[in-house]
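Please read them with the sequence and the coordinates open beside you.

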Amino acid sequence: MSVNLKPNLQLQPPIPFTLVPALPEDLEALVAIRIAAMRDSLERIGRFDPLRARERLLASFSAAHTRHIMLGAVHVGFITLKPQDGSLLLDHFYLLPASQRRGLGSAVLRQIVAEADALALPLRVTALRDSGANRFYLRHGFQLSSTEEFDNHYLRPVKCLF
């Protein structure tokens, strides 16, 4: 007799997302996504400031390197992936709260990792120190490379495809 310890465990189909290039005029919509995605984490450490969140995105925004994360016709987040110093920097990766914890972030990150591997480039990312994003990046093969007062910096070494 066998015992099924996880009777409700089912394989989930891949989440059908698309990445669509951003345009310069998308900036305000991206700011709103960033603020919504970061609000809980920043409030926990007493650093939620929508103006600062807006200014930080404005300072690093590059439409050429930014893509919307789409579920059908719905914008649910965005990524910014920039070449920098012989690596790729995942400068921004935000999902609206309603789209988090459903496997979408993992699906998007797998695509980004595949892009980095195809280019034979390591992938870097920074996460707020007290954010759940830290566990997320560690689970996906990133290694902690340094810490600062509010941020952790991660590196995912290049994986050989052959």
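1. Helix α3 has 15 residues, and at 1.5 Å a residue it should span 21 Å, which agrees with the 21 Å between its end C-alpha atoms; the expected span is taken as 1.5 Å times one less than the number of residues. Helices here are DSSP runs of H or I with at least four residues, strands are runs of E with at least two, and both are numbered from the N terminus. Just after α3, A120 takes a positive phi of about 55°.

2. Before going further, please note that this is a predicted model, in which local features need pLDDT of at least 70 and side-chain atom pairs count only at pLDDT 80 or more, while totals for chains, interfaces and linings use all residues. Residues are numbered from 1 along each chain as its sequence is written, and side-chain values use heavy atoms, with hydrogens and water left out.

3. The protein chain contains 4 helices and 7 strands, and their order along the sequence is β-α-α-β-β-β-α-β-α-β-β. Of its 162 residues, 40% are buried, where buried means under 20% relative accessible area, exposed means over 50% and partly exposed lies in between (1.4 Å probe, protein chains only). Among contacts with a separation of 6 or more, 58% are between residues 24 or more positions apart, a contact being heavy atoms within 4.5 Å. The chain exposes about 9,900 Å², of which carbon and sulfur atoms supply 56%, as given by the Shrake-Rupley method with a 1.4 Å probe.

4. Which residues of α3 are buried? They are L104, G105, S106, A107, V108, L109, I112, V113, A116 and D117.

5. A nonpolar core is a set of buried Ala, Val, Leu, Ile, Met, Phe, Trp, Tyr and Cys residues joined through side-chain atoms within 4.5 Å. The largest one has 24 residues, and the members that touch the most others are I69, L90, F93, V108, L109, L123 and Y137. At least two residues each come from β1 (17-21), β3 (74-84), β4 (87-95), α3, β5 and α4, with α3 giving the largest share, 7 residues. A second, separate core of 14 residues includes I35, A37, A53 and Y94. Leaving out residues up to four places away in sequence, L109 touches L90, F93, F136, Y137, H140 and F142.

6. There are 5 aromatic pairs, counted when the ring centres of Phe, Tyr or Trp (its six-membered ring) lie within 6.5 Å; planes under 30 degrees apart count as stacked, over 60 as edge-to-face and the rest as tilted. Y137 and F142 form an edge-to-face pair, because their ring centres are 5.3 Å apart and their planes stand at 70°. Y137 and Y154 form a tilted pair, at 6.3 Å centre to centre and 35° between the planes, and this pair links helix α4 to strand β7 across 17 residues of sequence. Ring pairs join F93, F136, Y137, F142 and Y154 into a cluster.

7. The count of salt bridges is 4, with a bridge defined as a side-chain nitrogen of Lys or Arg within 4 Å of a carboxyl oxygen of Asp or Glu. One of them pairs D117 with R156 at 2.8 Å, N to O; since D117 is in helix α3 and R156 in strand β7 (residues 151-156), the pair ties together parts 39 residues apart in sequence. D117 is buried at 10% relative accessibility, and R156 is buried at 7%.

8. Another salt bridge joins R54 and E28, whose closest N and O atoms are 2.3 Å apart. R54 lies in helix α2 (residues 50-60) and E28 in helix α1 (residues 27-44), so this pair ties together parts that are 26 residues apart in sequence. R54 is partly exposed at 29% relative accessibility, as is E28 at 44%.
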